Amino acid sequence: MTSTDKLIQMSIAVVLFFAVMGTILLLTTKLRSRSGERVQAAAFIAPSLLLIAVGLLYPAARTVYQSFFGSAYEPIVGGDGENFVGLDNYRQIFTSNDLLQVLQNTAVWVVLTPLLATGIGLVYAVLIDRSRFEKSAKALIFLPMAISLVGASIIWKFVYDYKASEQAQLGVLNGLLKAAGFDTYRFLLTEPWNTLFLIVIIVWVQAGFAMTILSAAIKAIPDDIVEAARLDGVNGLKLFRYITVPSIRPSLIVVLTTISITTLKVFDIVRTATGGQFGTSVLAYEFYVQSFRSFNFGLGAALATLIFVLVTPIVVYNIRQMRRLEAR
């Protein structure tokens, strides 16, 4: 397809868009009643709902449906349904030793990553607030956010790189260990600590996001509240505990839930750093392996459904908390 063909297709799409919008406006301008406003609102909302149904709801329902079939899943059109396995894929997730380790690794990621990233971002935001070098300090910790997770993983692979103690070291950490007189260490190969070293990568990236959101929330705390607390003798850790944290609670919830959802879907770091080997696989990566390497589409769909089930309570909790705070 040439550039001219692409330009023609884009022009046709733009013309069709304005034609549809113009038709909707033309048909609804004559309806000035309340029912006419409803028709107009429905006319504008309908395309969005259609796209959500086609691009989100249907694939989600199809994935759940596929999770009840085996590896050779095919749409059943008048077939005998011999490939139907019921809940066997879900049973395998919670009984297979390999998949149990995947669940355990995912739990470690989801527990540690939000707490560490949010904690580091919060402490950092408090320490540099209104300091002379605040802008430079913020830029320093925010820089990793400009790097993709694949790029960050490659950087940290060089940091963790291992060679025998008698060889010249490429990895920064093993170079420091050798310089200090210690033996070099297999950071990405030694179980179960390699999972913790992978978590360091996403914390390095997400701490900048947490710092940015929480720093803005801290600056939004009214000065009179802080001054009143200081006049009452509240300073240091007490000011942080009783004034700062309660005042930025909505932002803390947003940061924690956002990082938790991101962590549940983590794929890039595991794929780039270890390829899921050495006991480091997580749910999102295992979904990829089962679906696109082992071609076990049923089990892959079950893993994807499990990720969706785990993400849903976090989203619901976030929405409820936001509504509760708005109602105050």
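1. Helices here are DSSP runs of H or I with at least four residues, numbered from the N terminus. The model is predicted, so that local features need pLDDT of at least 70 and side-chain atom pairs count only at pLDDT 80 or more, while totals for chains, interfaces and linings use all residues. Residues are numbered from 1 along each chain as its sequence is written, and side-chain values use heavy atoms, with hydrogens and water left out.

2. Lys138 and Glu134 lie four residues apart in helix 5 (residues 134-142), and are therefore separated by about one helical turn. The two form a salt bridge with the closest N and O atoms 2.9 Å apart, the term meaning a side-chain nitrogen of Lys or Arg within 4 Å of a carboxyl oxygen of Asp or Glu.

3. Glu134 is buried, at 12% relative accessible area, whereas Lys138 is partly exposed at 21%; buried means under 20%, exposed over 50% and partly exposed in between, with a 1.4 Å probe and protein chains only.

4. Glu134 also forms a salt bridge with Lys219, again with 2.9 Å between the closest N and O atoms. This pair links distant parts of the chain, since Lys219 belongs to helix 8 (residues 193-219) and stands 85 residues from Glu134 in helix 5. Glu134, Lys138 and Lys219 are among the members of a salt-bridge network that also includes Asp129, Arg130 and Asp223.

5. The structure holds seven salt bridges, one of which joins the side chains of Asp88 and Arg91 at 2.4 Å, N to O. Asp88 and Arg91 are three residues apart in helix 3 (residues 88-93), and so about one helical turn separates them.

Conventions:
Helix = DSSP H or I, 4+ residues; strand = E, 2+ residues; numbered from the N terminus.
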